[in-house]
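Have a look at the picture before you read on.

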Amino acid sequence: MQLKPLTDFYAGRFALFKARIFVFLKGLVMVNDQYYMKLALEEAKKALAIEEVPIGAVVICKDKVVGRGYNFKERAHDPTGHAEIIALRDAANNLASWRLDQCQLYVTVEPCPMCAGAIVQARIKRLVYGAADPKAGATGSLYNLVEDERFNHQVTELKGGVLAEECRDLLKGFFNSLRKTDTRKGG
Ligand SMILES: [Zn+2]
């Protein structure tokens, strides 16, 4: 008769322990996500340095950076020269495989329809983005192509809003300075 309360006691302790482990692991994932988003931000700053729209991306596979990219559209005269496409190509090249189903993609701004399509094509496992893009975002804002079950692949996890403010500020600063330059030209 005394066993039951004792079992309950240990069950309770175990539940608490599990909850703590969960919070701890969630914290670790959050710290990791911020760390990798900072790497994507470094890529975005490279775009900024050459007056491209500052968006950056990194592909992570088994805790290693396997692909990097930043927006290179103007320089390359390439409408597909988005950070995600460049990072995916870099990762596929480094891993000698187009199938990136063990990889995570971190990008500073929510992907457009083209990049969301490429993420599905590459079978990316997990997608993390910084700032949402209400005007062109295709992973939650206007569409959600990476979780659409009509396609043959969906990401297992989609997470937005990681270091969103930093990612957005970088863009805002760029467009503000562009506007100022335009005004000077006009005047
Ligand atoms: Zn794109």
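**Notes on the fold**

1. Let's start with the parts list. Reading from the N terminus, the elements go α-β-β-α-α-β-α-β-β-α.

2. A word on what you're looking at. This is a predicted model, where local features need pLDDT of at least 70, side-chain atom pairs count only at pLDDT 80 or more, and totals for chains, interfaces and linings use all residues. Residues are numbered from 1 along each chain as its sequence is written.

3. Now the overall shape. The C-alpha trace of the protein chain spans about 90 × 40 × 30 Å along its principal axes. The radius of gyration of the protein chain is 21 Å, whereas a compact globule of 187 residues would have one near 16 Å (taken over C-alpha atoms, with the globule rule being 2.2 Å times the number of residues to the power 0.38). Of the 187 residues, 34% are buried, meaning that 20 or more other C-beta atoms lie within 10 Å of a residue's own; exposed means 12 or fewer, partly exposed is in between, and the C-beta atoms are placed from the backbone.

4. How do the strands line up? The 5 strands form an open sheet in the order 2-1-3-4-5, with mixed pairing; two strands pair if DSSP finds at least two bridges between them. Strand 2 (64-70) and strand 5 (157-159) are at the edges with a single partner strand each, so one side of each has no neighbour in the sheet. On average, neighbouring strands of this sheet are turned by 15° against each other, direction ignored (axes are lines fitted to C-alpha atoms, for helices over the stretch in contact, and angles run from 0 to 180 degrees between N-to-C directions).

5. Helix 3 (residues 83-95) packs on that sheet, where it touches strand 1 (56-61), strand 2 and strand 3 (103-109). Its direction makes about 145° with that of strand 2. Contact here means that the C-beta atoms of two residues, placed from the backbone, lie within 7 Å.

6. In strand 5, E157 is the bridge partner of R126 and K159 is that of V128. Is strand 4 enclosed or open? Of its 6 residues, 5 are buried, so strand 4 is largely enclosed by the rest of the structure.

7. Next, helix 4 (residues 113-121), whose buried residues are C115, A116, A118 and I119. Seen down the helix axis, these fall within an arc of 160°, so they line one face of helix 4 (the arc is that of the directions from the helix axis to the C-beta atoms). The buried residues of helix 4 pack against helix 3, strand 3 and strand 4. Strand 3, helix 4 and strand 4 together make a right-handed β-α-β unit; right-handed means that, with the strands pointing away from the viewer, the path from the first strand over the helix to the second runs clockwise.

8. Check two backbone angles while you're there. R123, in the loop between helix 4 and strand 4, has a positive phi of about 65° although it is not a glycine. R123 has 17 C-beta neighbours inside 10 Å, so it counts as partly exposed. D63 sits in the loop between strand 1 and strand 2, and its phi is near 65°, again a positive value in a residue other than glycine. D63 has 8 C-beta neighbours inside 10 Å, so it counts as exposed.

9. Last, which residues does V53 touch? Leaving out residues up to four places away in sequence, V53 touches A47, N71 and F174. V53 is in the loop between helix 1 (3-49) and strand 1, and counts as partly exposed because it has 19 C-beta neighbours inside 10 Å.

How values were computed: Helix = DSSP H or I, 4+ residues; strand = E, 2+ residues; numbered from the N terminus.
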